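My notes follow the structure.

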Amino acid sequence: MPIDRDEVLHIARLARVGLSEEDVHRFQEQLSQILDYFQVLQELDTSEVPPTSHVLPLQNVMRDDEPGASLPSQEVLANAPQREGDFFKVRAVFEE
Amino acid sequence: MTTPTAIDYEVVIGVEVHAHLLTRSKMFCSCPADYFGAPPNSHVCPVCLGMPGVLPVINRRAVELTIMTGLALNCQVPPLARFDRKNYPYPDLMKGYQISQYDQPLCKDGWLEIEVNGQRKRVRINRVHLEEDTARLVHVTTPEGESYSLVDVNRSGIPLMEIVSEPDLRSAEEARAYLTKLRQVLRWIGASRANMEEGNMRCEANVSVRPRGSEALGAKVELKNINSFKHVYEAIRYEVQRQISVLQAGGRVVQETRGWREDLGQTVPQRSKEYAHDYRYFPEPDLPPLVVSPEWVEEIRRRMPELPDARRQRLQDYYGLSEYDARLLTESRAKADLFEGALSHFPPDSRRARAKTAANWVNSELAGLLNARDLEWEDCPLGPAALAELLDLLEEGTINTSTAKVVLEESLSSGYSPKAIVEEKGLAQIGAREELAQIVQAVLEANPKAVADYRSGKEGAIQFLVGQVMRQTRGRANPEAVRELLKEHLSRA
(Lines give C-alpha, C1' and ligand atoms only; values in the text may rest on other atoms or scores of the structure.)
Protein backbone atom coordinates (compact mmCIF):
# COMPACT_ATOMS: atom_id res chain seq x y z
CA MET A 1 0.00 0.00 0.00
CA PRO A 2 2.02 2.96 -1.27
CA ILE A 3 2.20 6.12 0.81
CA ASP A 4 2.67 9.25 -1.20
CA ARG A 5 5.13 12.00 -0.56
CA ASP A 6 2.49 14.50 0.65
CA GLU A 7 1.30 12.06 3.30
CA VAL A 8 4.83 11.69 4.65
CA LEU A 9 5.28 15.47 4.75
CA HIS A 10 1.92 15.90 6.51
CA ILE A 11 2.79 13.37 9.20
CA ALA A 12 6.22 14.92 9.67
CA ARG A 13 4.60 18.29 10.09
CA LEU A 14 2.14 17.02 12.71
CA ALA A 15 5.04 15.46 14.59
CA ARG A 16 7.11 18.62 14.17
CA VAL A 17 9.93 16.64 12.52
CA GLY A 18 12.05 18.20 9.79
CA LEU A 19 12.87 15.80 6.96
CA SER A 20 15.47 15.96 4.20
CA GLU A 21 14.52 14.91 0.67
CA GLU A 22 16.34 11.66 1.31
CA ASP A 23 14.37 11.09 4.56
CA VAL A 24 11.07 11.63 2.77
CA HIS A 25 12.02 8.94 0.31
CA ARG A 26 13.14 6.52 2.97
CA PHE A 27 10.05 6.98 5.17
CA GLN A 28 7.77 6.71 2.17
CA GLU A 29 9.19 3.22 1.62
CA GLN A 30 9.23 2.20 5.28
CA LEU A 31 5.74 3.43 6.08
CA SER A 32 4.45 1.64 3.01
CA GLN A 33 6.05 -1.57 4.21
CA ILE A 34 4.45 -1.19 7.62
CA LEU A 35 1.03 -0.71 6.10
CA ASP A 36 1.64 -3.71 3.85
CA TYR A 37 2.25 -5.78 6.92
CA PHE A 38 -1.06 -4.58 8.39
CA GLN A 39 -2.67 -5.80 5.18
CA VAL A 40 -1.59 -9.28 6.24
CA LEU A 41 -3.22 -8.79 9.65
CA GLN A 42 -6.35 -7.49 7.96
CA GLU A 43 -6.85 -10.92 6.40
CA LEU A 44 -7.80 -12.35 9.79
CA ASP A 45 -11.50 -12.65 10.40
CA THR A 46 -12.16 -10.42 13.43
CA SER A 47 -15.90 -10.04 12.97
CA GLU A 48 -16.48 -11.91 16.24
CA VAL A 49 -13.81 -10.04 18.19
CA PRO A 50 -14.78 -6.77 19.92
CA PRO A 51 -12.41 -3.85 19.25
CA THR A 52 -9.65 -3.92 21.84
CA SER A 53 -8.31 -0.63 23.12
CA HIS A 54 -6.43 -2.07 26.08
CA VAL A 55 -4.61 -5.39 26.32
CA LEU A 56 -4.82 -5.80 30.10
CA PRO A 57 -8.13 -6.90 31.63
CA LEU A 58 -8.29 -3.83 33.88
CA GLN A 59 -11.12 -1.36 34.40
CA ASN A 60 -12.09 1.46 36.77
CA VAL A 61 -8.62 2.09 38.13
CA MET A 62 -9.19 5.28 40.10
CA ARG A 63 -7.81 7.19 43.06
CA ASP A 64 -9.57 9.10 45.81
CA ASP A 65 -9.58 12.87 45.50
CA GLU A 66 -6.85 13.47 48.09
CA PRO A 67 -4.30 16.21 47.44
CA GLY A 68 -0.65 15.37 48.03
CA ALA A 69 2.64 17.24 47.91
CA SER A 70 3.89 18.89 44.74
CA LEU A 71 7.54 19.13 43.69
CA PRO A 72 9.70 21.88 45.15
CA SER A 73 10.05 24.72 42.68
CA GLN A 74 13.82 24.26 42.32
CA GLU A 75 13.35 20.65 41.22
CA VAL A 76 10.56 21.60 38.86
CA LEU A 77 12.80 24.04 37.02
CA ALA A 78 16.09 22.14 37.44
CA ASN A 79 16.13 20.78 33.90
CA ALA A 80 14.57 23.77 32.17
CA PRO A 81 16.84 24.89 29.31
CA GLN A 82 15.54 28.43 29.87
CA ARG A 83 13.61 30.03 32.68
CA GLU A 84 12.47 33.46 33.78
CA GLY A 85 11.67 33.70 37.45
CA ASP A 86 9.61 30.63 38.26
CA PHE A 87 8.34 30.31 34.68
CA PHE A 88 9.62 28.03 31.95
CA LYS A 89 10.70 30.19 29.05
CA VAL A 90 9.99 28.95 25.53
CA ARG A 91 10.17 30.28 22.00
CA ALA A 92 7.40 32.65 20.98
CA VAL A 93 4.27 30.68 20.28
CA PHE A 94 2.90 33.00 17.63
CA GLU A 95 5.35 33.63 14.81
CA GLU A 96 4.83 36.99 13.17
CA MET B 1 -42.36 41.58 -11.77
CA THR B 2 -42.18 41.25 -8.02
CA THR B 3 -40.37 43.58 -5.74
CA PRO B 4 -37.51 41.81 -4.02
CA THR B 5 -38.29 41.50 -0.34
CA ALA B 6 -35.67 41.53 2.36
CA ILE B 7 -34.62 37.99 3.22
CA ASP B 8 -35.48 36.93 6.73
CA TYR B 9 -32.50 35.26 8.36
CA GLU B 10 -32.47 32.60 11.01
CA VAL B 11 -29.68 32.53 13.60
CA VAL B 12 -28.11 29.20 14.54
CA ILE B 13 -25.94 28.99 17.65
CA GLY B 14 -24.28 26.07 19.40
CA VAL B 15 -22.31 26.50 22.58
CA GLU B 16 -19.35 24.66 24.07
CA VAL B 17 -18.72 25.27 27.75
CA HIS B 18 -15.62 24.22 29.65
CA ALA B 19 -15.78 24.17 33.44
CA HIS B 20 -13.22 23.32 36.10
CA LEU B 21 -14.56 20.67 38.42
CA LEU B 22 -14.57 21.29 42.16
CA THR B 23 -12.04 18.65 43.17
CA ARG B 24 -9.29 18.98 45.74
CA SER B 25 -6.64 17.36 43.57
CA LYS B 26 -5.87 17.34 39.86
CA MET B 27 -7.36 15.01 37.25
CA PHE B 28 -4.56 12.48 36.93
CA CYS B 29 -2.17 13.27 39.81
CA SER B 30 -2.51 14.34 43.43
CA CYS B 31 -1.25 17.91 43.01
CA PRO B 32 -3.59 20.32 44.85
CA ALA B 33 -6.18 21.85 42.51
CA ASP B 34 -6.39 25.19 44.36
CA TYR B 35 -3.73 26.88 42.24
CA PHE B 36 -5.58 30.20 41.95
CA GLY B 37 -3.18 33.01 42.84
CA ALA B 38 -0.31 30.59 43.63
CA PRO B 39 3.25 31.30 42.40
CA PRO B 40 4.00 29.86 38.94
CA ASN B 41 4.90 26.15 38.82
CA SER B 42 4.25 25.61 42.54
CA HIS B 43 1.44 23.06 42.05
CA VAL B 44 3.17 20.60 39.74
CA CYS B 45 4.66 17.11 39.85
CA PRO B 46 6.25 14.69 37.35
CA VAL B 47 2.80 13.57 36.14
CA CYS B 48 1.38 16.97 35.24
CA LEU B 49 4.79 18.11 33.99
CA GLY B 50 4.63 15.24 31.49
CA MET B 51 7.91 13.63 32.55
CA PRO B 52 8.81 10.40 30.74
CA GLY B 53 7.66 7.18 32.38
CA VAL B 54 4.97 8.59 34.64
CA LEU B 55 1.45 7.15 34.76
CA PRO B 56 -1.82 9.05 35.18
CA VAL B 57 -4.47 7.76 37.61
CA ILE B 58 -8.12 8.86 37.27
CA ASN B 59 -9.61 11.06 40.00
CA ARG B 60 -12.84 9.29 41.04
CA ARG B 61 -14.53 12.46 42.22
CA ALA B 62 -13.98 14.16 38.85
CA VAL B 63 -15.69 11.23 37.13
CA GLU B 64 -18.59 11.31 39.57
CA LEU B 65 -19.09 15.08 39.26
CA THR B 66 -19.16 14.69 35.47
CA ILE B 67 -21.74 11.91 35.69
CA MET B 68 -23.78 14.00 38.14
CA THR B 69 -23.67 16.91 35.68
CA GLY B 70 -24.85 14.56 32.95
CA LEU B 71 -27.76 13.42 35.14
CA ALA B 72 -28.67 17.03 35.94
CA LEU B 73 -28.69 17.69 32.17
CA ASN B 74 -30.94 14.69 31.48
CA CYS B 75 -28.15 12.81 29.68
CA GLN B 76 -27.65 9.14 28.98
CA VAL B 77 -24.73 7.63 30.87
CA PRO B 78 -23.35 4.86 28.61
CA PRO B 79 -22.09 1.69 30.34
CA LEU B 80 -18.57 2.15 28.96
CA ALA B 81 -16.46 5.30 28.83
CA ARG B 82 -12.89 5.75 27.68
CA PHE B 83 -10.16 8.36 27.60
CA ASP B 84 -8.30 9.25 24.41
CA ARG B 85 -5.22 11.20 23.45
CA LYS B 86 -5.74 14.35 21.46
CA ASN B 87 -2.41 15.11 19.84
CA TYR B 88 -1.17 18.56 18.99
CA PRO B 89 2.14 20.29 19.43
CA TYR B 90 1.72 23.45 21.48
CA PRO B 91 3.71 24.55 24.53
CA ASP B 92 0.64 24.60 26.79
CA LEU B 93 0.59 20.80 26.53
CA MET B 94 3.43 19.27 28.48
CA LYS B 95 3.02 15.79 26.97
CA GLY B 96 2.32 16.87 23.39
CA TYR B 97 -1.21 15.53 23.81
CA GLN B 98 -4.21 16.23 25.97
CA ILE B 99 -6.01 13.37 27.69
CA SER B 100 -9.62 13.85 26.65
CA GLN B 101 -12.58 11.75 25.57
CA TYR B 102 -13.38 11.22 21.90
CA ASP B 103 -16.01 8.69 20.88
CA GLN B 104 -16.99 7.27 24.28
CA PRO B 105 -17.74 10.23 26.55
CA LEU B 106 -19.12 9.79 30.06
CA CYS B 107 -22.48 11.37 29.17
CA LYS B 108 -24.42 12.08 25.96
CA ASP B 109 -27.81 13.03 24.50
CA GLY B 110 -29.38 15.23 27.16
CA TRP B 111 -31.25 18.52 27.32
CA LEU B 112 -31.57 21.66 29.38
CA GLU B 113 -34.74 23.69 29.54
CA ILE B 114 -34.46 27.46 29.19
CA GLU B 115 -37.04 30.21 29.27
CA VAL B 116 -36.89 33.38 27.19
CA ASN B 117 -39.75 35.89 27.15
CA GLY B 118 -42.05 33.40 28.84
CA GLN B 119 -41.32 30.73 26.20
CA ARG B 120 -39.85 27.49 27.45
CA LYS B 121 -37.53 25.56 25.21
CA ARG B 122 -35.40 22.45 25.48
CA VAL B 123 -31.83 22.87 24.28
CA ARG B 124 -30.36 19.50 23.39
CA ILE B 125 -27.02 18.56 24.89
CA ASN B 126 -24.79 16.56 22.57
CA ARG B 127 -22.30 15.35 25.17
CA VAL B 128 -20.54 15.95 28.47
CA HIS B 129 -17.00 14.71 28.63
CA LEU B 130 -14.00 14.90 30.92
CA GLU B 131 -10.49 16.06 30.08
CA GLU B 132 -7.51 17.84 31.61
CA ASP B 133 -6.82 21.56 31.40
CA THR B 134 -3.61 22.86 29.81
CA ALA B 135 -0.79 25.02 31.14
CA ARG B 136 -1.09 28.81 31.13
CA LEU B 137 1.02 30.74 28.64
CA VAL B 138 2.11 34.32 29.03
CA HIS B 139 3.22 35.97 25.79
CA VAL B 140 5.98 38.52 26.18
CA THR B 141 7.44 41.06 23.78
CA THR B 142 10.31 43.11 25.17
CA PRO B 143 10.87 46.78 24.27
CA GLU B 144 13.81 45.51 22.18
CA GLY B 145 11.37 43.46 20.12
CA GLU B 146 12.28 40.03 21.44
CA SER B 147 9.26 37.71 21.64
CA TYR B 148 8.92 34.66 23.82
CA SER B 149 6.40 32.81 25.94
CA LEU B 150 6.39 31.87 29.62
CA VAL B 151 4.82 28.64 30.83
CA ASP B 152 3.07 28.14 34.19
CA VAL B 153 2.09 24.48 34.58
CA ASN B 154 -0.13 24.92 37.68
CA ARG B 155 -3.34 24.81 35.62
CA SER B 156 -2.18 21.78 33.65
CA GLY B 157 -4.10 18.71 34.76
CA ILE B 158 -6.99 20.51 36.47
CA PRO B 159 -10.12 18.42 35.78
CA LEU B 160 -12.01 20.09 32.96
CA MET B 161 -15.52 19.16 31.89
CA GLU B 162 -16.73 20.01 28.40
CA ILE B 163 -20.45 20.43 27.77
CA VAL B 164 -21.46 20.65 24.12
CA SER B 165 -24.93 21.80 23.07
CA GLU B 166 -26.60 21.03 19.77
CA PRO B 167 -27.04 24.08 17.48
CA ASP B 168 -30.50 24.69 18.93
CA LEU B 169 -30.12 28.29 20.09
CA ARG B 170 -31.75 30.90 17.86
CA SER B 171 -30.70 34.23 19.38
CA ALA B 172 -28.14 35.87 21.65
CA GLU B 173 -30.88 36.02 24.30
CA GLU B 174 -31.36 32.26 24.13
CA ALA B 175 -27.60 31.70 24.32
CA ARG B 176 -27.45 33.92 27.41
CA ALA B 177 -30.38 32.09 29.01
CA TYR B 178 -28.70 28.75 28.29
CA LEU B 179 -25.40 29.86 29.83
CA THR B 180 -27.12 31.35 32.88
CA LYS B 181 -29.12 28.18 33.44
CA LEU B 182 -26.10 25.96 32.93
CA ARG B 183 -24.08 28.00 35.42
CA GLN B 184 -26.93 27.79 37.94
CA VAL B 185 -27.03 23.98 37.61
CA LEU B 186 -23.23 23.53 37.80
CA ARG B 187 -23.04 25.60 40.99
CA TRP B 188 -26.19 24.05 42.41
CA ILE B 189 -24.87 20.50 42.29
CA GLY B 190 -21.43 21.60 43.46
CA ALA B 191 -19.71 20.54 40.22
CA SER B 192 -17.94 23.84 39.54
CA ARG B 193 -17.53 27.41 40.74
CA ALA B 194 -18.49 28.20 37.14
CA ASN B 195 -17.14 31.73 37.21
CA MET B 196 -16.08 33.08 33.82
CA GLU B 197 -14.21 36.05 35.28
CA GLU B 198 -12.07 33.67 37.36
CA GLY B 199 -11.44 31.53 34.29
CA ASN B 200 -12.95 28.36 35.74
CA MET B 201 -15.77 28.50 33.21
CA ARG B 202 -15.12 29.23 29.53
CA CYS B 203 -17.51 29.52 26.67
CA GLU B 204 -17.19 29.20 22.92
CA ALA B 205 -20.13 29.97 20.66
CA ASN B 206 -20.51 28.74 17.08
CA VAL B 207 -22.61 31.30 15.26
CA SER B 208 -24.06 31.14 11.76
CA VAL B 209 -27.04 32.58 9.93
CA ARG B 210 -29.15 31.15 7.10
CA PRO B 211 -32.24 32.22 5.17
CA ARG B 212 -35.25 31.19 7.21
CA GLY B 213 -36.66 27.90 6.00
CA SER B 214 -33.31 26.64 4.82
CA GLU B 215 -32.08 23.44 6.37
CA ALA B 216 -28.44 23.82 5.38
CA LEU B 217 -26.16 25.46 7.93
CA GLY B 218 -24.34 28.64 6.97
CA ALA B 219 -20.56 29.02 7.36
CA LYS B 220 -19.97 29.09 11.08
CA VAL B 221 -17.84 31.51 13.00
CA GLU B 222 -16.34 30.34 16.26
CA LEU B 223 -16.33 33.02 18.98
CA LYS B 224 -13.55 32.27 21.43
CA ASN B 225 -11.61 33.64 24.40
CA ILE B 226 -14.45 35.71 25.83
CA ASN B 227 -14.35 36.20 29.57
CA SER B 228 -17.83 37.14 30.76
CA PHE B 229 -21.49 36.37 30.09
CA LYS B 230 -22.09 39.97 29.12
CA HIS B 231 -19.36 39.89 26.49
CA VAL B 232 -20.54 36.55 25.09
CA TYR B 233 -23.99 38.06 24.68
CA GLU B 234 -22.66 41.24 23.08
CA ALA B 235 -20.28 39.32 20.82
CA ILE B 236 -23.08 37.06 19.54
CA ARG B 237 -25.39 40.02 18.88
CA TYR B 238 -22.65 41.80 16.99
CA GLU B 239 -21.66 38.69 15.06
CA VAL B 240 -25.23 37.95 13.95
CA GLN B 241 -25.61 41.48 12.55
CA ARG B 242 -22.20 41.32 10.91
CA GLN B 243 -22.97 38.05 9.13
CA ILE B 244 -26.38 39.26 7.95
CA SER B 245 -24.78 42.46 6.60
CA VAL B 246 -22.16 40.44 4.73
CA LEU B 247 -24.84 38.25 3.13
CA GLN B 248 -27.12 41.17 2.30
CA ALA B 249 -24.23 42.89 0.54
CA GLY B 250 -23.91 39.77 -1.60
CA GLY B 251 -20.80 38.57 0.24
CA ARG B 252 -19.87 35.26 1.75
CA VAL B 253 -19.26 34.58 5.46
CA VAL B 254 -15.79 33.20 5.99
CA GLN B 255 -15.48 30.26 8.37
CA GLU B 256 -13.03 31.45 11.02
CA THR B 257 -12.31 32.03 14.69
CA ARG B 258 -13.11 35.49 16.06
CA GLY B 259 -12.61 37.14 19.44
CA TRP B 260 -14.37 40.05 21.14
CA ARG B 261 -12.79 43.47 21.36
CA GLU B 262 -14.66 45.23 24.12
CA ASP B 263 -13.01 48.57 23.37
CA LEU B 264 -14.26 48.44 19.77
CA GLY B 265 -17.55 46.70 20.54
CA GLN B 266 -16.73 44.33 17.67
CA THR B 267 -15.70 40.78 16.96
CA VAL B 268 -12.33 40.55 15.22
CA PRO B 269 -10.59 37.66 13.46
CA GLN B 270 -8.11 35.84 15.67
CA ARG B 271 -4.89 34.27 14.65
CA SER B 272 -5.49 30.59 15.02
CA LYS B 273 -2.87 27.96 15.60
CA GLU B 274 -1.50 27.58 12.11
CA TYR B 275 -1.61 23.81 11.81
CA ALA B 276 -4.61 21.94 10.51
CA HIS B 277 -6.84 20.30 13.10
CA ASP B 278 -5.61 16.78 12.70
CA TYR B 279 -5.54 15.49 16.25
CA ARG B 280 -5.05 11.79 15.47
CA TYR B 281 -7.12 10.74 18.48
CA PHE B 282 -6.44 7.27 19.79
CA PRO B 283 -7.37 5.41 23.00
CA GLU B 284 -5.21 6.45 25.97
CA PRO B 285 -3.18 3.30 26.63
CA ASP B 286 -2.23 4.40 30.16
CA LEU B 287 -5.84 4.55 31.38
CA PRO B 288 -8.03 1.45 31.50
CA PRO B 289 -11.65 2.05 30.45
CA LEU B 290 -14.41 3.01 32.87
CA VAL B 291 -17.26 0.59 33.25
CA VAL B 292 -20.16 2.62 34.59
CA SER B 293 -22.64 0.29 36.23
CA PRO B 294 -26.30 1.23 36.71
CA GLU B 295 -25.70 0.86 40.48
CA TRP B 296 -22.93 3.45 40.39
CA VAL B 297 -25.10 5.86 38.39
CA GLU B 298 -27.97 5.40 40.86
CA GLU B 299 -25.67 6.01 43.80
CA ILE B 300 -24.57 9.29 42.22
CA ARG B 301 -28.17 10.20 41.45
CA ARG B 302 -29.09 9.67 45.11
CA ARG B 303 -26.34 12.09 46.16
CA MET B 304 -27.60 14.74 43.75
CA PRO B 305 -29.56 17.55 45.41
CA GLU B 306 -33.07 18.46 44.29
CA LEU B 307 -32.50 20.43 41.06
CA PRO B 308 -33.41 24.12 40.68
CA ASP B 309 -36.53 23.65 38.51
CA ALA B 310 -37.95 20.95 40.77
CA ARG B 311 -37.22 23.03 43.84
CA ARG B 312 -38.86 26.09 42.33
CA GLN B 313 -41.99 24.07 41.66
CA ARG B 314 -41.97 22.70 45.19
CA LEU B 315 -41.59 26.17 46.71
CA GLN B 316 -44.62 27.27 44.69
CA ASP B 317 -46.73 24.24 45.59
CA TYR B 318 -45.70 23.80 49.20
CA TYR B 319 -45.50 27.41 50.37
CA GLY B 320 -47.93 28.96 47.93
CA LEU B 321 -45.30 31.32 46.53
CA SER B 322 -45.61 33.00 43.14
CA GLU B 323 -43.48 31.68 40.30
CA TYR B 324 -41.59 34.98 40.35
CA ASP B 325 -40.68 34.69 44.04
CA ALA B 326 -39.80 31.02 43.73
CA ARG B 327 -37.63 31.66 40.69
CA LEU B 328 -35.67 34.35 42.52
CA LEU B 329 -35.26 32.14 45.60
CA THR B 330 -33.82 29.32 43.48
CA GLU B 331 -31.21 31.51 41.78
CA SER B 332 -28.70 29.60 43.86
CA ARG B 333 -28.91 26.66 46.18
CA ALA B 334 -27.45 28.64 49.08
CA LYS B 335 -30.25 31.19 48.72
CA ALA B 336 -33.00 28.56 48.61
CA ASP B 337 -31.38 26.80 51.59
CA LEU B 338 -31.30 30.04 53.57
CA PHE B 339 -34.98 30.66 52.86
CA GLU B 340 -36.16 27.17 53.73
CA GLY B 341 -33.72 26.95 56.64
CA ALA B 342 -35.24 30.08 58.19
CA LEU B 343 -38.78 28.76 57.72
CA SER B 344 -37.80 25.49 59.41
CA HIS B 345 -37.40 27.47 62.66
CA PHE B 346 -41.13 28.29 62.63
CA PRO B 347 -43.87 25.90 63.74
CA PRO B 348 -44.84 23.73 60.73
CA ASP B 349 -48.43 24.99 60.57
CA SER B 350 -47.30 28.63 60.34
CA ARG B 351 -44.69 28.20 57.59
CA ARG B 352 -46.96 28.58 54.61
CA ALA B 353 -48.51 31.75 56.03
CA ARG B 354 -45.13 33.30 56.76
CA ALA B 355 -43.41 32.20 53.54
CA LYS B 356 -44.28 35.28 51.50
CA THR B 357 -42.82 37.67 54.08
CA ALA B 358 -39.69 35.54 54.38
CA ALA B 359 -39.36 35.43 50.57
CA ASN B 360 -39.67 39.22 50.38
CA TRP B 361 -36.94 39.76 52.94
CA VAL B 362 -34.60 37.34 51.20
CA ASN B 363 -35.36 38.50 47.65
CA SER B 364 -35.28 42.22 48.18
CA GLU B 365 -33.71 43.47 51.40
CA LEU B 366 -31.06 40.81 51.91
CA ALA B 367 -30.36 40.46 48.18
CA GLY B 368 -29.76 44.22 48.03
CA LEU B 369 -27.40 44.20 51.00
CA LEU B 370 -25.37 41.29 49.60
CA ASN B 371 -25.24 42.92 46.21
CA ALA B 372 -23.95 46.15 47.73
CA ARG B 373 -21.20 44.16 49.45
CA ASP B 374 -20.43 42.17 46.28
CA LEU B 375 -21.16 38.92 48.13
CA GLU B 376 -22.53 35.69 46.67
CA TRP B 377 -25.29 33.81 48.52
CA GLU B 378 -22.76 31.06 49.22
CA ASP B 379 -20.80 33.61 51.28
CA CYS B 380 -23.76 35.24 53.05
CA PRO B 381 -22.71 35.84 56.67
CA LEU B 382 -26.32 35.72 57.88
CA GLY B 383 -27.53 32.20 58.70
CA PRO B 384 -31.06 30.78 58.63
CA ALA B 385 -31.40 30.99 62.44
CA ALA B 386 -30.59 34.71 62.45
CA LEU B 387 -33.02 35.35 59.59
CA ALA B 388 -35.76 33.46 61.45
CA GLU B 389 -35.03 35.50 64.58
CA LEU B 390 -35.39 38.76 62.64
CA LEU B 391 -38.69 37.60 61.12
CA ASP B 392 -39.94 36.62 64.59
CA LEU B 393 -39.05 40.05 66.01
CA LEU B 394 -41.08 41.61 63.20
CA GLU B 395 -43.99 39.20 63.48
CA GLU B 396 -44.42 39.71 67.23
CA GLY B 397 -44.19 43.48 66.78
CA THR B 398 -41.00 43.99 68.77
CA ILE B 399 -39.56 45.96 65.86
CA ASN B 400 -41.12 47.62 62.84
CA THR B 401 -40.10 47.23 59.23
CA SER B 402 -37.70 50.12 59.08
CA THR B 403 -35.95 49.03 62.29
CA ALA B 404 -35.77 45.50 60.91
CA LYS B 405 -33.87 46.82 57.90
CA VAL B 406 -31.36 48.51 60.18
CA VAL B 407 -31.03 45.37 62.33
CA LEU B 408 -30.54 43.17 59.26
CA GLU B 409 -27.74 45.36 57.98
CA GLU B 410 -26.14 45.51 61.40
CA SER B 411 -26.36 41.74 61.82
CA LEU B 412 -24.81 41.24 58.40
CA SER B 413 -21.90 43.51 59.23
CA SER B 414 -21.25 42.58 62.85
CA GLY B 415 -22.37 38.96 62.91
CA TYR B 416 -24.41 39.61 66.07
CA SER B 417 -27.86 38.05 66.23
CA PRO B 418 -30.84 40.34 65.53
CA LYS B 419 -32.13 39.82 69.09
CA ALA B 420 -28.80 40.86 70.60
CA ILE B 421 -28.70 43.97 68.40
CA VAL B 422 -32.24 45.00 69.34
CA GLU B 423 -31.45 44.59 73.05
CA GLU B 424 -28.03 46.19 72.89
CA LYS B 425 -29.27 49.28 71.03
CA GLY B 426 -32.68 49.49 72.71
CA LEU B 427 -34.43 49.25 69.36
CA ALA B 428 -37.56 47.50 70.60
CA GLN B 429 -40.73 49.34 69.64
CA ILE B 430 -42.30 51.44 72.30
CA GLY B 431 -45.32 49.28 72.85
CA ALA B 432 -46.30 50.61 76.24
CA ARG B 433 -49.21 52.97 75.68
CA GLU B 434 -48.34 55.29 78.53
CA GLU B 435 -44.82 55.91 77.30
CA LEU B 436 -46.03 56.59 73.76
CA ALA B 437 -48.92 58.74 75.03
CA GLN B 438 -46.46 61.01 76.82
CA ILE B 439 -44.48 61.55 73.66
CA VAL B 440 -47.65 62.15 71.62
CA GLN B 441 -48.84 64.73 74.15
CA ALA B 442 -45.49 66.51 74.03
CA VAL B 443 -45.49 66.60 70.22
CA LEU B 444 -49.03 68.03 70.13
CA GLU B 445 -48.05 70.78 72.55
CA ALA B 446 -44.94 71.63 70.59
CA ASN B 447 -46.80 71.89 67.26
CA PRO B 448 -49.94 74.00 67.73
CA LYS B 449 -50.05 75.00 64.07
CA ALA B 450 -50.26 71.42 62.79
CA VAL B 451 -52.86 70.66 65.42
CA ALA B 452 -54.94 73.64 64.31
CA ASP B 453 -54.55 72.66 60.64
CA TYR B 454 -55.78 69.17 61.35
CA ARG B 455 -58.74 70.37 63.33
CA SER B 456 -59.68 72.83 60.59
CA GLY B 457 -59.99 69.88 58.19
CA LYS B 458 -56.48 69.47 56.76
CA GLU B 459 -56.21 65.79 57.45
CA GLY B 460 -52.77 65.61 55.83
CA ALA B 461 -51.34 67.51 58.76
CA ILE B 462 -51.42 64.33 60.81
CA GLN B 463 -48.64 62.90 58.64
CA PHE B 464 -46.32 65.64 59.91
CA LEU B 465 -47.25 64.83 63.50
CA VAL B 466 -46.63 61.10 62.96
CA GLY B 467 -43.19 61.99 61.61
CA GLN B 468 -42.46 64.11 64.67
CA VAL B 469 -43.38 61.28 67.02
CA MET B 470 -41.30 58.79 65.05
CA ARG B 471 -38.37 61.19 65.32
CA GLN B 472 -38.79 61.52 69.07
CA THR B 473 -38.84 57.73 69.41
CA ARG B 474 -35.90 57.29 67.04
CA GLY B 475 -38.08 55.13 64.82
CA ARG B 476 -38.97 52.72 67.58
CA ALA B 477 -42.71 53.21 67.40
CA ASN B 478 -45.18 51.49 65.14
CA PRO B 479 -46.34 54.29 62.80
CA GLU B 480 -49.86 52.85 62.59
CA ALA B 481 -50.18 52.78 66.38
CA VAL B 482 -48.87 56.36 66.53
CA ARG B 483 -51.43 57.52 63.97
CA GLU B 484 -54.27 55.93 65.96
CA LEU B 485 -53.08 57.43 69.20
CA LEU B 486 -52.73 60.89 67.62
CA LYS B 487 -56.27 60.72 66.24
CA GLU B 488 -57.52 59.72 69.65
CA HIS B 489 -55.78 62.68 71.32
CA LEU B 490 -56.82 65.14 68.61
CA SER B 491 -60.48 64.15 68.81
CA ARG B 492 -60.51 65.17 72.45
CA ALA B 493 -61.24 68.85 72.53
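I looked up B:Glu222 and found it partly exposed, at 21% relative accessibility. Here buried means under 20% relative accessible area, exposed means over 50%, and partly exposed lies in between (1.4 Å probe, protein chains only). B:Glu222 forms a salt bridge with B:Lys224, with the closest N and O atoms 3.8 Å apart. A salt bridge is a side-chain nitrogen of Lys or Arg within 4 Å of a carboxyl oxygen of Asp or Glu. B:Lys224 is partly exposed too, with a relative accessible area of 26%.

I noted the ground rules: this is a predicted model, local features need pLDDT of at least 70, side-chain atom pairs count only at pLDDT 80 or more, and totals for chains, interfaces and linings use all residues. Residues are numbered from 1 along each chain as its sequence is written, chains are lettered from A and ligands numbered from 1 in the order in which they are written, and side-chain values use heavy atoms, leaving out hydrogens and water.

Next I took B:Lys335 and B:Glu331, whose side chains meet in a salt bridge (3.1 Å, N to O). B:Lys335 is buried, at 1% relative accessibility. B:Glu331 is partly exposed, at 42%. I also found a network: salt bridges that share partners join B:Glu113, B:Glu115, B:Arg120, B:Glu323 and B:Arg327.

I searched the whole structure and got 50 salt bridges over all chains. One of them pairs B:Arg24 with A:Glu66, the closest N and O atoms being 3.3 Å apart. B:Arg24 lies in the loop between strand 1 (9-20) and strand 2 of chain B, and A:Glu66 in the loop between strand 1 and helix 3 of chain A, so this pair joins two chains. Helices (H or I, at least four residues) and strands (E, at least two) are DSSP runs, numbered from the N terminus.

How many salt bridges cross the interface of chain A and chain B? I count 3 by the rule. A:Lys89 forms a salt bridge with B:Glu146, at 3.9 Å between the closest N and O atoms.

I then checked the contact itself. 34 residues of chain A touch 54 residues of chain B, where contact means heavy atoms within 4.5 Å.

Last, I looked at the strands. Strand 3 (residues 87-91) of chain A pairs with strand 9 (residues 147-152) of chain B, antiparallel, over 4 bridges. Pairing requires at least two DSSP bridges between two strands. A:Phe88 stands opposite B:Val151.
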